[in-house]
Amino acid sequence: MNVLTPAELVLKGLGITDPSEIDLEAIAWTVGARVRYRQLDGCEALIVGNGDKAIITVNSRSYPHRQRFSIGHELGHWQHHRGRLVTCNADQIGHVGEGQSPRERSADIYAVNLLMPNYLLQPIACSYSRLTFEAVRAIADLFDTSVTATAIRMVEGRHSPAVLVCHGPQGRKWFARSPDVPSRWFPRSDLDAESFAFGVLFGNQPEDRFPRKIGADAWFERWEAERYEVTEQTIRTADDEIITLVLVTDGDMLEDYETGRRDGTHRASRR
Ligand SMILES: [Zn+2]
């Protein structure tokens, strides 16, 4: 049986049984926090606590999905770091990859579990047999979350063995990898000119409507990569930014040489 996270316990305690019921301002109020929106400079959100009460201030100029994630993040600080003034800049909220402090990481995990709790996400995610951006967008619509945050959640939540990579003109910005993909599959830092993603970022090509097959060496700089194929699908997240879903479909790529474990067949039921 899955153990409920602190955020899921809050949602369950409120009797929330549908993604549309995740009203963050109302949830904040039930734990003593009031949410307000102000123009903030050099900071995305902050929380000021006094006893059992807190005020969360969110940057009024941010996108709505960003604001929602920020409220979840500040509620994470309220859960884990109560009694302190915490200010969070844009680099600290929803940061992917290394270099994030344990405190910020725990606030992000709380936000993810509050916005996309596993007990609601899992049955919905399981209804999609293939991980595509079409599925990610449909799920993001249900949970009122960004496509990027939802894609990360699906990849890290083991829907399918996959690596999600974000690129800008200067190269790779960050990536997220399913726990079922062995760590030797580390995405290349530069976008390979052979990849379809290259045409989307630099060639003004339209987004990919479906995943397309390509040699794994377009995505992974590793001697054995040329033996395998993966699928890639790219969407644009800003004028100069794309994210690509690289699905690892060959079971041999999922063999973990260090443990001898072959662990790529799990679906969302694992989490
Ligand atoms: Zn923070």
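The close-ups below are taken from a predicted model.

**View 1. Asn 204 in the loop between helix 8 and strand 7.** Asn 204 has 7 C-beta neighbours inside 10 Å and therefore counts as exposed. The loop that holds Asn 204 runs between helix 8 (196-202) and strand 7 (212-215). Asn 204 is not a glycine, yet its phi is positive, about 60 degrees. Most residues other than glycine have a negative phi.

**View 2. Ser 183 in the loop between strand 6 and helix 8.** Strand 6 covers residues 171-177. Ser 183 counts as exposed because it has 9 C-beta neighbours inside 10 Å. Val 58 lies 125 residues from Ser 183 along the chain, and the C-alpha atoms of the two are separated by 36 Å.

**View 3. The crossing of helix 6 and helix 7.** Two packed helices are described by the angle between their axes and the distance between the axes. Here the axes of helix 6 (residues 133-143) and helix 7 (residues 147-156) come within 9 Å and cross at roughly 110 degrees. Angles of 65 to 115 degrees count as roughly perpendicular, so helix 6 and helix 7 are roughly perpendicular to each other. Their crossing is right-handed. Helix 6 contributes Val 136, Arg 137, Ile 139, Ala 140 and Phe 143 to the contact, and helix 7 contributes Val 147, Thr 150, Ala 151 and Met 154. Of the residues in this contact, 7 are nonpolar, 1 is polar and 1 is charged.

**View 4. Asp 144 in the loop between helix 6 and helix 7.** Asp 144 has 16 other C-beta atoms within 10 Å and is therefore partly exposed. Phi of Asp 144 is near 55 degrees, a positive value in a residue other than glycine.

View 5. Strands of a sheet pair through backbone hydrogen bonds, either parallel or antiparallel.

**View 6. The pairing of strand 7 with strand 8.** Strand 7 and strand 8 (residues 229-238) are joined in the antiparallel sense over 4 bridges. Opposite Ile 214 stands Val 230 in strand 8.

Conventions:
Residues are numbered from 1 along each chain as its sequence is written. This is a predicted model: local features need pLDDT of at least 70, side-chain atom pairs count only at pLDDT 80 or more; totals for chains, interfaces and linings use all residues. Axes are lines fitted to C-alpha atoms, for helices over the stretch in contact, and angles run from 0 to 180 degrees between N-to-C directions. Helices (H or I, at least four residues) and strands (E, at least two) are DSSP runs, numbered from the N terminus. Angles under 35 degrees count as roughly parallel, over 145 as roughly antiparallel, 65 to 115 as roughly perpendicular and the rest as oblique. A crossing is left-handed if the near helix is turned anticlockwise from the far one by less than a right angle, and right-handed if clockwise. Two residues are in contact if their C-beta atoms, placed from the backbone, lie within 7 Å. Ala, Val, Leu, Ile, Met, Phe, Trp, Tyr, Cys and Pro count as nonpolar, Asp, Glu, Lys and Arg as charged, and the others, Gly among them, as polar. A residue is buried if 20 or more other C-beta atoms lie within 10 Å of its own, exposed if 12 or fewer, and partly exposed in between; C-beta atoms are placed from the backbone. Two strands pair if DSSP finds at least two bridges between them.
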